[in-house]
Amino acid sequence: MGIDVADRTEQIKEYYFAGKLSEINKRIIAGEDIINFGIGSPDLSPPVKVINDLNKYSILPQANGYQPYRGIAELRTAISDWYGRYFKVDLDPDHEILPLIGSKEGIVHISMAYLNRGDAVLVPDPGYPAYAAAAKLCGARCIYYELTDENDWKPDTGKLENLDLCGVKLMWVNYPNMPAGVSADIELFSHLADFARRHNILLVNDNPYSFILNNNPVSILSSDSDMEHVLELNSLSKSHNMAGWRVGMVLGHRDHINNILKIKSNIDSGMYFPVQKAAVTALGIDREWYHMLNTIYGTRQKMVYELLRILGCSVKKGQTGMFVWSKIPEGFSDSYAFSDFCLDNYRVFITPGLVFGSNGQSYVRTSLCIDETRIRVAIERVKNNII
């Protein structure tokens, strides 16, 4: 075609799962029974009363109009109550909370609000690819900081101090961590927040896995009382099985919220009213919901541990979140090779760790978003070496 694309498209690639899942779907249509442990899309349903409320509010006359860019006041209050109840963080619903159409959009909004061409961003390796992609779309430089098994997949603050921090505006962290499945505590967040204050960096914690196989949700907002150098993203995608509903949030100082709103208000026209009302219901659900959810994920996790053990992977127990991070067996050149081996020999797809950075070279990520019957089938295939 004769029309040149923007330079920014040359800085990023198609999201790995967009291409890989398309390939897998084609193979399934062709007759292959592939068991997909790749993506973290919850297969369980949201609470019944949340679905009922979505239906109830959908028939109201005002349901289909444009909504406030800041979200309805009731939703912001529900988010504030949720954070007070579970994270022990007091947030002003009018000024310190901004609902998002999924937290993934927040990664781009935050980046657009703070990054100029040539600025730098601290990005974890391994980490969610969207952090680097958003930086590159803004023309910013990515400075990757290592997460390693030896340091329990947590930032080494001593090594961070030795990096060239010239021009660094943002730092991304993600705890409970994806892909490594480890949690942070207030002590770690406090060290990181102190680092951010001293170097005038905006530290952002991406926190969607806070309730999955984790009994002690922690917010980075607890580590910085004035919240001038910290932000947090969260969502209902994982905690309430509402990934496709696209309900997220960014939380922090009013100035940061207003800066992000300048970007957001020029990109979308608000979240569907019935979805917001249903999200209010979801945020008010009692603790028994999380207990029920984690009972299911706990059973699946044990089964996935068994599957990975049979495959020859090394797994650390007690991981949080809806994935299991494991080291591949010796004899494979990298995680792509091992992932392809499992797909071609057992019709089992497991995400290669290299998707998340160079430090994922010898690791794979296995999703728990698949029912127990299918996990058993995968175990039997591998155990008996059958397809």
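How close do the axes of helix α3 and helix α9 come, and at what angle do they cross? The axes of α3 (residues 73-86) and α9 (residues 273-283) come within 9 Å and cross at roughly 20°. That angle makes α3 roughly parallel to α9 (angles under 35 degrees count as such). Axes are lines fitted to C-alpha atoms, for helices over the stretch in contact, and angles run from 0 to 180 degrees between N-to-C directions. Helices (H or I, at least four residues) and strands (E, at least two) are DSSP runs, numbered from the N terminus.

The model is predicted: local features need pLDDT of at least 70, side-chain atom pairs count only at pLDDT 80 or more, and totals for chains, interfaces and linings use all residues. Residues are numbered from 1 along each chain as its sequence is written, and side-chain values use heavy atoms, without hydrogens and water.

| α3 | Glu74, Leu75, Ala78, Ile79, Trp82, Arg85 |
| α9 | Gln276, Lys277, Ala279, Val280, Leu283 |

An open sheet is formed by four strands in the order β9-β10-β13-β12, with antiparallel pairing. Two strands pair if DSSP finds at least two bridges between them. At the edges, β9 (314-315) and β12 (351-352) each pair on one side only. β12 pairs with β13 (residues 363-367) over two bridges, and Pro352 stands opposite Val364 in β13. Helix α10 (residues 287-311) packs on this sheet and touches β9, β10 (323-327) and β13. The direction of α10 makes about 25° with that of β10.

Technical notes. Parallel < 35°, antiparallel > 145°, perpendicular 65-115°, else oblique. Contact = heavy atoms within 4.5 Å.
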